[in-house]
Every structure is written in structure tokens, then in C-alpha cells.
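Subject: Structure for you to look through

Dear colleague,

Please find the structure below, together with its sequence.

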Amino acid sequence: MKVRVACIVFKTPRDLSAFAEACLRFTPEITIRPEQAVFLEIGKSKSLYSETTFLMRIQVLLRRFGKEWVQDARVAIENDAVSALISARYEVSNPMEALASLDLTSLHDFADPFLLSLKNRPELDKMIKTLRQLSLHQVDQFLKIPASELPSRFGPWSLYVRSQVEHRLDLAWPKWSPREVIEETLELAHDDYCHWLEPLLFHCKTVLDRLYSRLRGRALRCARLRIELKLESYSTVREPLRAFDFDFMMPQGSTRRTLPILHERLERELASKPLESAVRSLRIEMKETTPGYQRQQHLFHKRDEIEEAYASIAAQLSESVGKAHVFRAVIREERFPEKSWKKREHDKEAHADVTRVLAKRPSRLLSTPQAITVDREKIQFKKKTYTIESWSCVESLSGEWLESPNFQAQFRKYYEVGIREGPPLWIFEDEHRQYFLHGWFE
Amino acid sequence: MTEKRIQLAELREQIGALLSHSTQEILSSSLLPAGIPRGALVELTGHTRVEWLLAFLREHQELRVCWLEEKFNLFPTALKQRGCNLENFLFVEAGETIFSPLRKAIRSQVFDIVVSPSLFDDVRALKTLQLLSEKANSTLFLLAQKPMHAWQISVQLECLNDLQTRVLKFKTRHEVSTP
């Protein structure tokens, strides 16, 4: 059976999961290029509808999603995913014949139509930049370069890109399936009169209990949550739907630990913008889940309870001061001090070994080194003078030449300087013989 | 009846004896022979207070620590170098409103050690922190430039060079000791 692939490409990035789910009526073989395009294999469905009918039905579907979806979308049907993407994206009827009009940036689409592997993008960008410097701007000019010369000039990846342009190798489609929605809705009676925080939290608890029971059954925890409140739609109500999104710093596994976080946020939000009328329905959706505990609760040790409590307080603190301001640190293997640590993103990140490799580091580090004036006996910083008592041996650091625009390495000579007025300072001298205060040993 | 009264009085005495001799848990430290009491406010002054604290925390790797700062300029790489267990550290950059997150952290009863800059002049604020620490059995370390005259602070230490310690005040729940 002949393969026919339809590609719907959108100019502006958007969440396509709902649209892809709606396209399941046409075919079960669907995949997504994240936020950009939806691919459908319609060759096997030709007995159900023709390609012309399909194009008309897609337009109807797009209209249901909104006017901007119709204006933003381009549809094309070709014999493979790459050709369909190129046709739709660059609005060409036959990609093989239109290579002369395709800019070199389209090589990204040839190489990786499903955006599966971002690690090769920098290499391809570098190749495109070099080709432009050689006054080559179109794909057909790229094809004129002999294949034998590509690996030595641009690396092995360039040969793969060329073969994709010429032969359109069959690529395995990444698996896509509609996201399962875990939600619960509670319809409130008129006499419930849920207009303030306390009754609202009371009803949230009921709904959360059910949701967490479901999650526990699947050994999952909640990482993101959405609460939607539908208010009584009187004529004075300007916003009949209020929504609150929660992105927990650490996944939560129970109602008891989640309620204080909801209380913190809802108290703040409703104080600044109270509910305009009573709530008539409450919907809570678990937007994102993570694997939870599959083990049995330890009878003699409150290990799981302590971990849950820890996750809860971390999430509460992040609600209170901001998610970016509550973190755990992980040490990296970087020469320069300001890059030697970062905020932990995953539990599995391991620390680099710094005890044996690095010289002693100060307990305080400025985020940006501050310029100071140093002479034999004194340090001047922010109109204050400090008397130098001792200098340590020098520690020289150099690096970052790859990141600098001129490929020039940065050099720093670090000293621990003892001063009379306070704790020892950690200063460095750069390649321009300028001194900077970077930290101190408090 | 008289016998019963005598028995009751003896019982009351025994209970009273038990209560008055109830011990406060102490975290041992090579830097301070008396140790650091749990559920108390400890103020650290001196130029090397952070180094002193890190040396103390190195001896207690299992303790969960919440470290709050107004503006975060602690260097985690140095903490790792000093031998602290970074897995048990949670850092909070609280800005000007540090009291509210500090109170939450202590009240959660999750953290064994809470560290904060000493910014609280208000007696009520200190009293709140002291009661919360006692209830949570968490030790609150306050890092200060100069020692404060506050009865709520149980232990005041001046951290000197080479991790030497000068005890300015040491008070457990049932004893007061000031050299």
C-alpha cells in the first residue's frame, strides 16, 4: 500500500496535543513535531476518504479550533514525512524540483523533521554558516559539492544530511499517543455558597483526596496542578472562570502536603482579586505526574513521610519567595568559580569532585566580581580602605576560550589576601592587570 | 486516707523530679565541648562564623539544613570542599521578607538546622522563633556581625581564627552559664 503523509505546519509555535488528538478521526498513525507540525499517515485510509476530502475536513477542523489556527496553518500531502514538511513549510509543490528555491536553513528540516535530536543542530548551523561564507545559499548548491568532500570539511553528519535531501530515507516515526487527563470535577449546590477561601479549600480537599487516591494506585505523584473555578455567571461577573496553575518544586504525593501550598497561593490571589460570585463547579486537573513510591510504607521508620514533608515545605517556600529562589545546589566541573555550581534540576545529578582537584574556595562568592584598587599595603573598595596583612600563593585559572567571541582565553590569578579589618578576601588579577574582589572567607 | 495522701505526695515529687531533670538533646561538636543544644537559638559572631558553622555541619552529615539568606552569596562549592553533605541542604534566597519563610521552615519540623542572618530586633519575633525552634526541636543559627542582648538566644559564640571558639553565653533549658 502506498504511503501518503499529510503534514499540517503552523507558523507560530503552539501546543498541538489537542489538535493531534482531534486528528485521530482520520488515522491512528500520528506524530508531532513539537509545537510546529502534525504528521498523519493517510495512505491506508484512502478507502474512507480521498485526499481532496481530507483537505476540506482539515480546514473545517482548524476552523473549530479558531480563526488564528486557520490563518496560521499550511497543509501538504506527499509520499514521505520530509517532503510533506518541506512542501507545507516552504509552500512548494514538489520539493525535489524546488531545491533551487530552498534556503540552506531548510537542511534542518531534511535532517531532523521530527526534532528528535537537538545535539546535532550546532554542527549543522556551523556547516550552514561556512557554506554561506562560500557564497552558497540554496540547497541545490549544497548538493553540487561532491559527497566525498563533505565529511572532511563538515564532519560525518553532513553526509547524512545530503543523503536525506537526495533520497529521503524512511525515518521511524516517534511514538505519540494522546495525553491521559487525570482530573476530577465537583459541582457545588447553590446553598454550598463557596465564596471564600475556607469553604473553597474544604471542597478542594475532597477533590484532591480522590485524585491522590488515583495517583497512589498508579504509583504516581503530582508535579503540576491546575484548579479551575467556574463562578455563577451573573451579569456583573466579568471573569466567570478563574484558573490557578501550580508548578511544584518537588512532586507532591498527598492532600495533607498539597493543601498548605494551595492555601498560600489562593490566600494571596483572592486577597488581591476576590471571587466575584459563588463557585458553582470546581475542577482540578493533574497536568503533570512523576513516578512515585511503589514500595510499602516502612513500619518502623517514617522515611516516606519525612520525604513527603520535605517536598511539601520546599514547594511552600517556593510559592512564598518564588520558585527560582528555593533550590538545592549541584557542583559542576568548571574552572571558573561562578560556573562551578548550579541549581539542581534533577534528582540524579551527581556532584563533580572538587575536594582533590581545586584549591580552597571562599565561603562567600559575589555573583559578579567587583573592581578594586590594590597597592602594596592597601585595598580600596567602594570608598573604603583595607590594610593588607598577608598574601597567599597564586592560583592561576584560564579557560573559556571557546565561548569568547575572539577565541581568546580568560586568565585569572587568584590570591587569598588577609586584611586587618575583616575576614580574608579572595581577589583575582585578570590579563589586563586589573584587580577584582570575588569573595571572602567568612 | 492519710496513706493515700502520702503516696500522692511522693508521686507528685517523683513526677516533679522527672520534669526538672528532663534533658535537652545536645549535638556534639569537636569545636565546642559542651555541644550545641537542639531546639534553641544559637548566635554566631566573629569573622569566621560561616567557616565555624560549616565545620560543625561536617561533623553531622545526616542533619537536614535549611539555609536562608537575604541575597544569596554563599558558595556551595566551598561547602562541598569543607565536607558538608550538599544533598541535605536547601537554600532559600528570601529577600527582605525573610521572617515569613524562616518561620515556615522551622514550623515544618523537617529541618534539624536552620541558618539565617540575624536581622530580628523585635522581641516578639525572636520569641516566636525561639518557641517554634523548641517545638520543632530544630536549632536556629543566627549569623550576626555583633552579639545581641536577647534572652531568647540560648547560646552566643564568637568564632575566632583557626576555628577557635569563645563562649559568650551558654544556656540550656534548665541551666544558665555565662563565663
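This is a predicted model: local features need pLDDT of at least 70, side-chain atom pairs count only at pLDDT 80 or more; totals for chains, interfaces and linings use all residues.

Residues are numbered from 1 along each chain as its sequence is written, and chains are lettered from A and ligands numbered from 1 in the order in which they are written.

A:F114 sits in the loop between α5 (107–111) and α6 (121–133) of chain A, where helices (H or I, at least four residues) and strands (E, at least two) are DSSP runs, numbered from the N terminus. A:F114 counts as buried because it has 20 C-beta neighbours inside 10 Å; the rule is that a residue is buried if 20 or more other C-beta atoms lie within 10 Å of its own, exposed if 12 or fewer, and partly exposed in between, with C-beta atoms placed from the backbone. Although A:F114 and A:F39 are 75 residues apart along the chain, their C-alpha atoms are separated by 9.2 Å.

Next comes the sheet in chain A, which is open and formed by four strands in the order β2-β3-β1-β4, with antiparallel pairing; two strands pair if DSSP finds at least two bridges between them. Its edge strands are β2 (30–33) and β4 (73–78) of chain A, each of which pairs on one side only, and the twist averages 15° from one strand to the next. Angles run from 0 to 180 degrees between N-to-C directions, and axes are lines fitted to C-alpha atoms, for helices over the stretch in contact. Strand β1 (residues 5–10) of chain A is joined to β4(A) by six bridges, and A:C7 stands opposite A:A76 in β4(A). Helix α2 (residues 51–65) of chain A packs on the sheet, where it touches β1 and β4 of chain A, and its direction makes about 160° with that of β4(A). Helix α4 (residues 81–90) of chain A lies across β1, β3 (37–41) and β4 of chain A, running at about 40° to β1(A).

There is also a pair of helices to look at in chain A: the axes of α10 (residues 197–217) and α11 (residues 255–272) come within 10 Å and cross at roughly 145°. By class, the contact of α10(A) with α11(A) has 10 nonpolar, three polar and three charged residues, where Ala, Val, Leu, Ile, Met, Phe, Trp, Tyr, Cys and Pro count as nonpolar, Asp, Glu, Lys and Arg as charged, and the others, Gly among them, as polar.

Finally, which element of chain A gives the most to the side that touches chain B? It is α12(A), with eight residues, in a contact that takes 34 residues from chain A and 28 residues from chain B. Two bridges join β9(A) to strand β5 (residues 89–93) of chain B, and these strands run antiparallel; in β5(B), the bridge partner of A:V326 is B:V92.

With best wishes

Key
Two residues are in contact if their C-beta atoms, placed from the backbone, lie within 7 Å.
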